[in-house]
Amino acid sequence: MSIATVQQDPAAPSPAAAAYTQRASTLVLVAFTLVYLVWGSTFLAIRIGIESFPPLVLAGTRHLTTGLILYPLVRWKTGVRPSTALWRISFITGFLLLFIGNGGVCIAERTVPSGIAALLVATVSLWMVLVDWLRPGGVRPVGRVITGLVLGFAGLALLVGPKNLGGSGRVDPGGVGILVFASLAWASGSVYSKHAGGLSGSPLLGAAMQSISGGVALWIASFLSGEVASFHFASVTPRSWLAVAYLIGCGSMVGYTAYIYILKKSTATRVATYALVNPVVASVKLSPCVP
């Protein structure tokens, strides 16, 4: 009697490796979905928050609180002790993403409707492709990427429409300029975060450190600008407190950590697609966690 033996193809992945790859792909898909849906609703939450909060105080409270909650938890869970170099990377990223990027959005939404703000921030998709191309060793976008961006913007404008964007009246040019600059800073910070290295093994720790760095910078700016001197917590309405809680819980702890994760796991071009989806969500004011 002969016993037939089956030899496994040495090039084929092991069952454990295949399961890990499938799990990683699922996590990336879930993270993209969260960024697509949750972040679209944060434009409305910011608008509600600045009804009672000064914009820099709002952004600083949101990000510093997030960082102070996440950082000790992640340190305890991972046992990682960040080096000075990692803090430097986190500060640069947090400054670009959260201080200039998100802080700029909060300031601009005092004069720009949240739907229009979301549409203008969609320029992040263009900036990310350009910054990723112009950086040292960058990737030049192929023709179909440029075509896709142009068609995406055109379709976005038609789909959202002036009615859902908050009316067709004149938009404050100062607010528009701030949003465009904030979008460029966000794109630059995103590309830098992706390629700076150091935190690739723990995106959650990176998000916590960036939140602390950006939050501290926002609070310093709020002191220097006089926002803190004229602000009283007792004057904040329950509606604005709920918006801040939503921004901390859904917008930062869920949305921002998911964003840092997909930055590490996907290409800049694919990550940039979130900016074309957010305005649609912002216009219909739907999300898994409506404030």
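Mentor: Contact here means heavy atoms within 4.5 Å. This is a predicted model: local features need pLDDT of at least 70, side-chain atom pairs count only at pLDDT 80 or more, and totals for chains, interfaces and linings use all residues. Residues are numbered from 1 along each chain as its sequence is written, and side-chain values use heavy atoms, leaving out hydrogens and water.

Let's take helix α9. It covers residues 238-265. Helices are DSSP runs of H or I, at least four residues, numbered from the N terminus. α9 has 28 residues. From first C-alpha to last it reaches 38 Å, close to the 40 Å expected at 1.5 Å a residue. That expected span is 1.5 Å times one less than the number of residues.

Now go to G251. There α9 bends by about 35°. The bend is the angle between axes fitted to the seven residues ending at a position and the seven starting there.

S252 also sits in α9. S252 counts as buried because its relative accessible area is 1%. Buried means under 20%, exposed over 50%, and partly exposed in between, with a 1.4 Å probe and protein chains only. Setting aside residues up to four places away in sequence, S252 touches R62, H63, T66, L247 and T257.

Follow two of those partners, R62 and L247, to I46. I46 lies in helix α1. At 2% relative accessibility, I46 is buried. Beyond its neighbours within four places in sequence, I46 is in contact with L58, R62, N102, V105, C106, E109 and L247.

Side chains of opposite charge can pair when their charged atoms come close. A salt bridge is a side-chain nitrogen of Lys or Arg within 4 Å of a carboxyl oxygen of Asp or Glu. R239 makes one with E51, the closest N and O atoms being 3.0 Å apart. E51 is in the loop between α1 (15-49) and α2 (55-78) and R239 is in α9, so the pair ties together parts 188 residues apart in sequence. E51 is partly exposed at 48% relative accessibility. R239 is partly exposed too, at 47%.

The structure holds two salt bridges. In the other, R135 pairs with D132, their closest N and O atoms 2.8 Å apart. D132 counts as buried at 9% relative accessibility.

Methods: Helix = DSSP H or I, 4+ residues; strand = E, 2+ residues; numbered from the N terminus.
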